[in-house]
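Let's take a walk through this structure, starting with its charged pairs and ending at its surface. Have the sequence and the 3D view ready as you read.

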Amino acid sequence: MATPPPNMEGGPPQVVAQPPGTDMTGICFKDQLWLSSYPLDRNLVFDYFAISPFYDWTCNNEQLRQRAIHPLDISQLSKMTGIEYMLVDIKEPHLFVIRKQKRDSPEKVTAMMTYYVMDGSIYQAPQLCNVFAARVDRAIHHIHKAFTTASSNLEKIGYVDPENETAAPEPKASKETIDLREFNRVNQILQSLLRKLPPAPPPPPFPEGYVPISTGEAENGSETQQAGEPQQPPVDPIIDQGPAKRMKF
């Protein structure tokens, strides 16, 4: 990079420019002495930008300044090729937007960087990919913080406080409380499901000739069987006499 030319007083410039393409988004430049001496308007804003570290002394605008031509004269810049600066937006006296671009022909230019002068402070605008990356990182940070806060407030199942671990456990009956609302809700659900089911079919009739044994006779028979000799197991008439006659639905 070429050495910066001397300033108006004949001495070296106060600020040394950084190499072209250097990321300087974390730098803010402001010269209060210059602002108190000259008005900040569209005619002098480029002279103010030229004393900042963002300025590239090898640009075409500097060549025009050395020839006593206004550095933003588009009729002269369009005839040259290389690095140049253009004033693309003006909102006097608070905001000036300057774009650094590479000119290959009078019609072909490629934007490289953008700078803005806001209330006397000069900044380098970040690239779009860096803006998206910063916004995504900020969103991830807040999401992680929200999940951390939510998990800390949730009740931990089976957690035992070490300080109260030796304390006597509470009775189980006191912990298992019944919620009447939940009980009624489950009961209503079961009743509604029961009403939707079809009625149960009646049991099949006994076969012909089979007389069911009453409960009293069954008890007497079991006592007699225990007192006497072992008897043969009773014959099941349903198994021995074939399938029962079932009702047709």
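A salt bridge here is a side-chain nitrogen of Lys or Arg within 4 Å of a carboxyl oxygen of Asp or Glu. Keep in mind that you're looking at a predicted model, where local features need pLDDT of at least 70, side-chain atom pairs count only at pLDDT 80 or more, and totals for chains, interfaces and linings use all residues. Residues are numbered from 1 along each chain as its sequence is written, and side-chain values use heavy atoms, with hydrogens and water left out.

The general idea is simple: side chains of opposite charge can pair when their charged atoms come close.

Take Arg42 and Glu92, whose side chains meet in a salt bridge at 3.4 Å, N to O.

Now look at Arg103 and Glu84, another salt bridge, with the closest N and O atoms 2.9 Å apart. Arg103 sits in strand β2 and Glu84 in strand β1, so the pair ties together parts that are 19 residues apart in sequence. Arg103 is buried, with a relative accessible area of 5%, and Glu84 is buried too, at 0%. Elsewhere, salt bridges that share partners join Asp47, Glu62 and Arg65 into one network.

Glu62 is buried at 5%, while Arg65 is partly exposed at 30%.

Next comes the inside. A nonpolar core is a set of buried Ala, Val, Leu, Ile, Met, Phe, Trp, Tyr and Cys residues joined through side-chain atoms within 4.5 Å. The largest one has 23 residues, and those with the most contacts inside it are Leu40, Tyr48, Phe49, Tyr55 and Tyr85. The elements that give two or more residues to this core are α1 (32-37), α2 (45-50), β1 (82-91), β2 (95-103) and β3 (109-118). Of these, α2 gives the most, with five residues. If you zoom in on Tyr48 and skip its neighbours within four places in sequence, its contacts (heavy atoms within 4.5 Å) include Trp34, Leu40, Val117 and Ile122.

Finally, turn to the surface. Val186, Ile189, Leu190 and Leu193 form a nonpolar patch there, with about 340 Å² of accessible area together. Accessible areas come from the Shrake-Rupley method with a 1.4 Å probe, and for residues only the protein chains shown count as cover. Patch residues have over 30% relative accessible area and no salt bridge; like charges are joined within 9 Å, and nonpolar side chains (Val, Leu, Ile, Met, Phe, Trp, Tyr) within 5 Å. Ile189 lies in helix α7 (residues 180-196) and is partly exposed at 39%.

Notes. Helices (H or I, at least four residues) and strands (E, at least two) are DSSP runs, numbered from the N terminus. Buried means under 20% relative accessible area, exposed over 50%, partly exposed in between (1.4 Å probe, protein chains only).
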